[in-house]
Amino acid sequence: MVRQFKGSRNTKETQIDIKLDLDSNEYSINTGIGFFDHMLELFAHHGSFGLELKAAGDTHIDFHHTVEDTGILLGQAFYNAAGDKKGIKRYGFFKVPMDEALVECVIDFGGRPYFSYGLEFISQKCGDFDMELIEEFFRAFASNAKINLHIIMHKNGNSHHVSEAAFKSFARALKEALTVENDRLMSTKGIIE
């Protein structure tokens, strides 16, 4: 089974191209936003996802549109690459410590979008990146991948560390949920939409 997706999102605010391979591990990311690139590289590396992502947006205004639209397209990519979801574990969870910070992600890749967000940031920015955009990214991803995503912060600390723990735990939980373990669909309804 080939679990891949290739697509684009082009609006007046952003132009984004993506290639995703759930069973590869090569990645190349360029959104023009240094901190965001760093988080997405952590995500691809720790999830062992094959990801090529190039984005250009109206960053002269701010980073909001680029971050949110990347979340939209990346969520769509994972939803489509997972195909009919047959055989996947469906559920994944993982805790990651990053020095003093501790974050957990819990995922149901079951076709029912829901998002619960528990991160708090001591600083409002990391470099020139607004930390409130982390929530926008994860919300857009969860809605478009049709997943139930809970992000739980057990210990706060340095804002960079909290964000890094979130992206790493998200990657590992998502990888677990998408792991093919048998040929059964993990739903008594007989369908995962």
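The legends below describe close-up views of a predicted model.

In this predicted model, local features need pLDDT of at least 70 and side-chain atom pairs count only at pLDDT 80 or more, while totals for chains, interfaces and linings use all residues. Residues are numbered from 1 along each chain as its sequence is written, and side-chain values use heavy atoms, with hydrogens and water left out.

**View 1. The open sheet S1-S2-S4-S3 has four strands and mixed pairing.** Strands (E, at least two residues) and helices (H or I, at least four) are DSSP runs numbered from the N terminus, and two strands pair if DSSP finds at least two bridges between them. S1 and S3 are the edge strands, each pairing on one side only. Neighbouring strands of this sheet are turned by 5° against each other on average, direction ignored; axes are lines fitted to C-alpha atoms, for helices over the stretch in contact, and angles run from 0 to 180 degrees between N-to-C directions. Strand S2 (residues 14-21) pairs with S4 in the antiparallel sense over eight bridges, and aspartate 21 stands opposite glycine 50 in S4. Helix H2 (residues 64-81) lies across S1, S2 and S4 and runs at about 30° to S2.

**View 2. S3, helix H1 (residues 34-47) and S4 make a left-handed β-α-β unit.** A crossover is called right-handed if, with the strands pointing away from the viewer, the path from the first strand over the helix to the second runs clockwise. Strand S3 (residues 27-30) and strand S4 (residues 50-57) run parallel and are joined by four bridges, with leucine 53 in S4 as the bridge partner of isoleucine 29. H1 lies across S3 and S4, at about 165° to S3.

**View 3. A second open sheet of four strands, with mixed pairing, has the order S5-S6-S10-S7.** Strand S5 (91-98) and strand S7 (114-117) stand at the edges with a single partner strand each, so one side of each is left without a neighbour in the sheet. The twist averages 10° from one strand to the next. S7 pairs with strand S10 (residues 148-155) in the parallel sense over four bridges, and serine 116 stands opposite histidine 150 in S10. Helix H3 (residues 133-145) packs on the sheet, touching S7 and S10, and its direction makes about 160° with that of S7.

**View 4. Arginine 3 is placed in the segment before strand S1 (4-10).** Arginine 3 counts as buried (under 20% relative accessible area, where exposed is over 50% and partly exposed lies in between, with a 1.4 Å probe and protein chains only) because its relative accessibility is 6%. Its side chain joins that of aspartate 23 in a polar contact of 2.9 Å; such a contact is a pair of N or O atoms within 3.5 Å, of which, within protein, one must be able to donate a hydrogen and the other to accept it, and residues adjacent in sequence count only if both atoms are side-chain atoms. A polar atom of the arginine 3 side chain also lies 2.7 Å from the backbone oxygen of leucine 178.

**View 5. Glutamate 164 lies in helix H4 (residues 159-177).** Glutamate 164 counts as buried, because its relative accessibility is 8%. Not counting residues up to four places away in sequence, glutamate 164 touches His38, Met39, Leu42 and Met98, contact meaning heavy atoms within 4.5 Å. The side chains of glutamate 164 and lysine 168 make a polar contact (3.0 Å).
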